[in-house]
Amino acid sequence: MDRRHFIGQSTAAIGLLAGFSGQSRANLQKAEVLVIGGGYGGATAAKYLRLFSNNTAKVTLIEPNASFISCPLSNLVVGGSRTLAELTSPYDNLSKRHGVKIIQDSVIGIDPDKKTVKLASGKKLPYDKVIVSPGVSLLMNSIEGLAQANKAGVTLQAWKAGAETVALHKQLAGMRDGGTFAISIPEAPYRCPPGPYERACQVASYFKQNKPKSKVLILDANQDVTSKGALFKKVWAEQYPGMVEYLPKHNVTAVDAKTKTMKFEIQDDMKADVLNLLPAMSAGEIAVNTGLANSNGRWVNVNFLNFESTAQKDIHVLGDSIQVAYAMPKSGHMANQHAKVAAAAIVAELSDWEVNPAPVLTNTCYSFVNAKEVVHVASVHQYIAAEKTFKPVPGSGGLSPGPTTLEGVYAWGWAHNIWADTLG
Ligand SMILES: Cc1cc2nc3c(=O)[nH]c(=O)nc-3n(C[C@H](O)[C@H](O)[C@H](O)COP(=O)(O)OP(=O)(O)OC[C@H]3O[C@@H](n4cnc5c(N)ncnc54)[C@H](O)[C@@H]3O)c2cc1C
């Protein structure tokens, strides 16, 4: 697939590139647009704000990390078949090719009355519009003892790709053959519905080749596998018989780092050699701390036409931090789509144009079931004006019939395309 035709069309914002003139252009040029977080949502928004405004809007991206590390495909690093370097991209093209100003820092506060954001370095920046895309926060206190166990290096989450991803693979490499890897999954919604099941496959694939007497235990707080259920179950039965055990309705409530023991809401205690416990999640800390998380204190409600927070005017929130619409996954692909709708809407608002009343979003999530074979789930989501939300388009999307190596090639194609679309 060629890059120019990838992803972008669905936001129906192409028309924005035509016809900048007079007063509307002046407003757009004067506006300060800040973007908090350079992940799948924020980096895409920064680039597309420049593209859709014909490079006139002033866009500043604030991100603490020096480079972008992709969570998609990071389970392959946990399984040992790929390196983190293969998933890492620089930010420079956003400034060199697109004129985005990049500040390497963290935002520690947003003042919606004064319309400023405060950086960890102490600096304050004014804004007319701010986009907030800080990903998720892991609620370590939702599992008793988890914060201490993480600090001691005993249980790692590796749910934000980086040093923990590599460290988790090292724990597997250091485990005896005949040991047990346990992954626990919080109740949905959480970042990347199929991600934990894909990780279980990657660990099983590594064990099959290197430690065949070992076991993978999936402890799921949900009633059943939350994504691609039949496909994953078939893979576990056919590719990893006797190795992968799936236990639904198992909610981990506490962990003892010394004895590597997990406690559950209902069932008896269990032990494992390598623990990968994923706690409940919420919107990124900055969104919660600034009072944007008005859905149960955890997620941010937005107006789906422009992704503006329903709590604060001129603050637009994207990606994993939002309270999603029905059947909308918390995925990198979806964050990329939110970003384009928001960027188009912001450019339209600052230009006194009508905001697109009928946005459409697409999503494809690929999961590697071993180092080469892949399954996918795809969906299309359309804005329904009468209900002010997105809903899946009936009959759209679908699932793979089963894993293939050809889909493995498509999955890498998807990754290279979305990285180029986001950062290239
Ligand atoms: C193991 C795994 C596998 C996955 N696989 C897939 C997949 O195959 N396909 C898919 O589509 N999705 C996948 N995902 C999900 C995907 O990674 C997320 O949905 C996506 O990253 C969400 O984008 P985001 O912009 O909301 O957050 P992120 O991409 O996490 O970006 C958030 C950014 O904000 C920055 N930030 C946070 N707080 C601040 C602050 N206060 N100031 C400044 N910057 C800040 C962070 O440093 C980070 O760079 C996977 C996730 C995991 C964990």
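**Reading the model, feature by feature**

Mentor: Let us begin with Asp314, which sits in the loop between strand E20 (308-309) and strand E21 (315-317). Helices (H or I, at least four residues) and strands (E, at least two) are DSSP runs, numbered from the N terminus. This is a predicted model, in which local features need pLDDT of at least 70 and side-chain atom pairs count only at pLDDT 80 or more, while totals for chains, interfaces and linings use all residues. Residues are numbered from 1 along each chain as its sequence is written, and side-chain values use heavy atoms, with hydrogens and water left out.

Trainee: Is Asp314 buried or exposed?

Mentor: Buried means under 20% relative accessible area, exposed over 50%, and partly exposed in between (1.4 Å probe, protein chains only). Asp314 has a relative accessible area of 10% and is buried.

Trainee: Which side chain forms a polar contact with that of Asp314?

Mentor: A polar contact is a pair of N or O atoms within 3.5 Å; within protein, one must be able to donate a hydrogen and the other to accept it, and residues adjacent in sequence count only if both atoms are side-chain atoms. The partner of Asp314 is Lys115, at 2.6 Å. Leaving aside neighbours within four places in sequence, Asp314 is in contact with residues including Tyr127, Asp128 and Val130.

Trainee: Which backbone angles deserve attention?

Mentor: Consider positive phi values in residues other than glycine. Leu73 has phi near 80° and belongs to the loop between strand E3 (67-69) and H3; Leu73 is buried, at 7%. Lys228 has phi of about 55°, in the loop between strand E12 (215-220) and helix H8 (229-239).

Trainee: Which residues of the largest nonpolar core touch the most other members?

Mentor: In soluble globular proteins, nonpolar side chains tend to be buried together. A nonpolar core is a set of buried Ala, Val, Leu, Ile, Met, Phe, Trp, Tyr and Cys residues joined through side-chain atoms within 4.5 Å. Here the largest has 125 residues, and Val117, Ile218, Trp236 and Met262 touch the most other members. H10 supplies the largest share of this core, 10 residues.

Trainee: Which residues come nearest to the ligand?

Mentor: A residue is near a molecule if one of its heavy atoms lies within 4 Å of it. Of the 35 residues around the ligand, Gly41, Glu63, Ser133, Arg191 and Asp320 come nearest. An N or O atom in the side chain of Arg191 is 2.7 Å from an oxygen atom of the ligand. A polar backbone atom of Val107 lies 2.9 Å from a ligand nitrogen atom.

Trainee: Which element gives the largest share of the shell around the ligand?

Mentor: That element is H10, with three residues.

How values were computed
Contact means heavy atoms within 4.5 Å.
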